[in-house]
Amino acid sequence: MSTVNSATSADVIAALQKSSTSSTSKTDEAQSRFLKLLTEQLKNQDPLNPMDNAQMTSQLAQISTVDGISKLNTTLTALLEGSQSNEAMQAAALVGKGVMVEGKALTLSGSKAYGGFELTSAADKVTVTIKDSAGTEVRKMELGSFDAGVFNFAWDGKTTNGSQAVDGKYTMSVAATRGSDDVKPIALQLTTVNSVLRTSKGEVSLDVGSGNLVSLSDIKQIL
């Protein structure tokens, strides 16, 4: 993997033009060779048994189809490369920012901790349960009702008995209901984007610490 550097629009356009020119040149060469062979074939054909019009039309259609497919492939390749470059620039803009991704980690620092959750449907009641590293419940928070969407919450470090929890690592779980039915929420943890990486396949990944890599689509909210 290698760290992604920001690219300008001019860089992207130049890369697309270079790719298009190279592919077009190869297609033109193939067309030229085909037309030369066809011309020689017409010159040397038996006057008493000339090439069938349908056969010639078929051959011309084949080279046109190959040309069309080649141009389509060139266009798709250019679009893909442009999309990947744009994705890399979007990802680079997130370095140093806090983002919400799927996870249950909760870090209490300075008597403040932030987490989140995603609901695929509305819920009448959302409850967050916080546990310490030993798995002991330290706080249960009733957050009320929410529509479908992504939401975040803050914990002031207060435990169920009103004492102040020590700073450190905690875990959380989220439960939600609508009437008598359970709603399946997704717990989200707050993390920071440290750097952006690109794999050998051109895929963009974000390093969010502790060796964890996520894609842009994994980010549910930017804080």
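Reader: Which strands form the open sheet, and in what order?

Author: Strands of a sheet pair through backbone hydrogen bonds, and the pairing is either parallel or antiparallel. In this model, which is predicted, five strands form an open sheet in the order β7-β4-β10-β2-β14, with antiparallel pairing.

Reader: Which strands stand at the edges of that sheet?

Author: The edge strands are β7 and β14; each has a single partner strand, so one side of each is left without a neighbour in the sheet. At the β14 end, two bridges join β14 to strand β2, residues 98-102, and the two run antiparallel. M100 stands opposite Q221 in β14.

Reader: How many helices and strands does the protein chain have?

Author: The chain has two helices and 14 strands. One of the helices is α2, residues 53-92, and Q90 is found in it. Q90 counts as partly exposed, at 44% relative accessibility. The C-alpha atoms of Q90 and L216 are separated by 8.6 Å, although these residues are 126 apart along the chain.

Reader: Which strands pair with β8?

Author: Take them one by one. Strand β3, residues 105-108, is joined to β8 by four bridges, and the two run antiparallel. Within that pairing, T107 stands opposite K169 in β8. Strand β5, residues 123-131, pairs with β8 over seven bridges, again in the antiparallel sense. There, I130 stands opposite M172 in β8. Strand β9, residues 181-183, is joined to β8 by three bridges and is antiparallel to it. A176 stands opposite V183 in β9.

Reader: What do β8 and β9 form, and how many residues lie between them?

Author: They form a hairpin with two residues between them. G179, in the turn, has a positive phi of about 65 degrees.

Reader: How do I read a pair of aromatic rings?

Author: Such a pair is described by the distance of the centres and the angle of the planes. The structure holds four aromatic pairs. One of them is F117 with F146, which is edge-to-face: the centres are 5.1 Å apart and the planes are at 85 degrees. This pair links distant parts of the chain, with F117 in strand β4 and F146 in strand β6, 29 residues apart. Both F117 and F146 are buried.

Reader: Why is the pair of F117 and F151 called tilted?

Author: Planes under 30 degrees apart count as stacked and those over 60 as edge-to-face, with the rest counted as tilted. The planes of F117 and F151 stand at 35 degrees, with the ring centres 5.7 Å apart, so the pair is tilted. F117 lies in strand β4 and F151 in strand β7, so the pair ties together parts that are 34 residues apart in sequence. F117 is buried, at 0% relative accessibility, whereas F151 is partly exposed, at 22%. F117, F146 and F151 form one aromatic cluster.

Reader: How many salt bridges does the structure hold?

Author: Side chains of opposite charge can pair when their charged atoms come close. The structure holds two salt bridges. In one, the side chains of E118 and K220 meet at 3.6 Å, N to O. E118 lies in strand β4 and K220 in the loop between β13 and β14, so the pair ties together parts that are 102 residues apart in sequence. E118 is buried, at 17% relative accessibility, while K220 is partly exposed, at 33%.

Reader: Which side chains meet in the salt bridge with D156?

Author: D156 meets R139, at 3.6 Å, N to O. D156 is in the loop between β7 and β8, and R139 is in strand β6; the two are 17 residues apart. D156 is partly exposed, with a relative accessible area of 34%, and R139 is also partly exposed, at 22%.

Reader: Which residues have the most contacts inside the largest nonpolar core?

Author: They are L119, V126, I130, W155 and Y170, in a core of 21 residues. Strands β3, β4, β5, β6, β7 and β8 each supply at least two residues of this core. Apart from it lies another core, of 13 residues, among them L94, V99, V101 and I219. Returning to W155, its contacts beyond four places in sequence include L106, I130, V138, R139 and Y170.

Reader: How much of the protein chain is buried?

Author: Of its 223 residues, 30% count as buried.

Terms used
Residues numbered from 1 in each chain as written. Predicted model: local features only at pLDDT ≥ 70, side-chain atom pairs only at ≥ 80, totals over all residues. Heavy atoms only, no water. Salt bridge = Lys/Arg side-chain N within 4 Å of Asp/Glu carboxyl O. Buried < 20%, exposed > 50% of the residue type's maximum accessible area, 1.4 Å probe, protein only. Pairing = 2+ DSSP bridges. Core = buried A, V, L, I, M, F, W, Y, C linked by side-chain atoms within 4.5 Å. Contact = heavy atoms within 4.5 Å. Phe/Tyr/Trp six-rings, centres within 6.5 Å; stacked < 30°, edge-to-face > 60°.
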